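Please keep the sequence and the 3D view at hand while reading.

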Amino acid sequence: MDEARAREVLAAAGLGTAAAGRVTTGPAAAGGDSAELLALGENAVFAVGDLVVKVGRDATHHPELLARAEREVAIAGWLAGCGIPAVRAAETAPRFVAGHPVTVWHRLPAALRPAGPRDLAELLRLVHSLPSPPFTLPRRELLGGVERWLRLAGDAIDPADAAYLRARRDGFADAAAALTPHLSPGPIHGDALPRNVHIGPDGPVLVDLETFSADFREHDLVVMALSRDRYGMPAEQYDAFAEAYGWDVREWDGCAVLRGARETASCAWVAQHAPANPKALEEFRRRVASLRDGDAEVRWYPF
């Protein structure tokens with residue numbers, strides 16, 4: 001899905017033209033040209049007046065994408081009822097427009113500052129204190145996309161590297177299934193990074209709820225440990241995160257297993273971009289080489 005297609009869906013949904021802080025729908029919104037594109041990735045995210053609209057990928061042959069959008073809206077309502085500071089849905093259910101799930105959200109005020117690790121830790125403490133919601137959350141399937149991403153990579157990557165990652169996937173899936181958690185399992189964010197925290201006038205707010213799951217709470221903490229070791233997070237920032245949360249996941253003997261699973265998934269995710277992006281191919285090779293060499297401190301980079 002590119003920006004042009006996302007704007008077509010936005011217009012078909014009758015969302016697009018902002019006027020006096022409100023959203024005009026119907027013929028006046030056709031084209032969606034006044035909507036500001038905020039992000040284009042798994043979803044296209046637009047600012048439209050005082051709302052944010054997320055256009056998902058075509059779900060015609062992938063009903064799980066509509067189910068995910070429905071779950072994200074339900075999670076937002078549940079978090080609101082629990083008093084957790086998180087992004088709020090403006091509509092109680094997704095729209096299904098031209099085969100795409102479309103969700104509508106209240107736009108947050110401008111950020112006062114970038115979020116930091118301590119802000120994230122404070123929100124995770126709240127989320128990790130929650131009981132299960134009145135609907136089913138999925139498990140956090142870190143390795144579920146590996147096969148699809150490697151298939152998308154095709155001949156752009158060395159078949160030996162693809163076979164190596166498949167073997168790692170299988171090994172870490174078995175190892176993860178045998179883990180005993182230190183913390184009580186329950187709701188988790190699933191992609192717990194400072195980029196998914198917004199600092200508004202009332203304090204930190206959790207955003208991007210698509211990966212909310214029910215699983216080991218340690219999943220949310222290993223992300224930051226990996227950020228320290230692989231992505232250049234300063235040690236003092238990680239220490240502040242662990243202190244604010246109240247526990248350092250690296251003390252848990254299962255940390256290496258979840259870290260290994262996440263590293264495997266991260267390599268495969270990069271692989272899918274290799275056919276069209278030479279920098280992605282270079283980064284893929286760097287990551288796989290570091291795994292093969294058993295070097296846990298080689299820096300990984302965006303591309």
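Helix axes here are lines fitted to C-alpha atoms over the stretch in contact, and the angle between two of them runs from 0 to 180 degrees between N-to-C directions. The model is a predicted one.

**Helices H6 and H8**

Helix H6 covers residues 218-230 and helix H8 covers residues 255-271; they pack at an angle of about 70°, and their axes are 9 Å apart. Angles of 65 to 115 degrees count as roughly perpendicular, so H6 is roughly perpendicular to H8. On the H6 side, the contact is made by Glu218, His219, Val222, Val223, Leu226, Asp229 and Arg230. H8 contributes Cys255, Leu258, Arg259, Arg262 and Glu263. Sorted by class, the contact between H6 and H8 has five nonpolar, one polar and six charged residues.

**Helix H4 and Trp149**

Which residues of H4 are buried? They are Val146, Trp149, Leu150 and Ala153. These residues lie on the same side of H4, because they cover an arc of only 95° around the axis. Just after H4, Gly154 has a positive phi of about 55°.

Trp149 belongs to helix H4, which spans residues 146-153. Leaving out residues up to four places away in sequence, Trp149 touches Ala265, Ala268, Trp269, Ala271 and Gln272. The C-alpha atoms of Trp149 and Cys267 are separated by 9.4 Å, although the two residues are 118 residues apart along the chain.

**Cysteines and burial**

How many disulfides does a search of the whole structure find? It finds zero. A disulfide is a covalent bond between the sulfur atoms of two cysteines. For Cys255, the closest cysteine sulfur is that of Cys267, at 17 Å, which is too far for a bond. The cut-off used for a disulfide is sulfur atoms within 2.5 Å. Seen from Cys267, the closest cysteine sulfur is in Cys255, again 17 Å away and too far for a bond.

| Residue | Relative accessible area | Class |
|---|---|---|
| Trp149 | 14% | buried |
| Cys255 | 10% | buried |
| Cys267 | 0% | buried |

Definitions and conventions. Residues numbered from 1 in each chain as written. Predicted model: local features only at pLDDT ≥ 70, side-chain atom pairs only at ≥ 80, totals over all residues. Heavy atoms only, no water. Helix = DSSP H or I, 4+ residues; strand = E, 2+ residues; numbered from the N terminus. Buried < 20%, exposed > 50% of the residue type's maximum accessible area, 1.4 Å probe, protein only. Contact = heavy atoms within 4.5 Å. Parallel < 35°, antiparallel > 145°, perpendicular 65-115°, else oblique. Nonpolar A, V, L, I, M, F, W, Y, C, P; charged D, E, K, R; others polar. Arc of directions from axis to C-beta.
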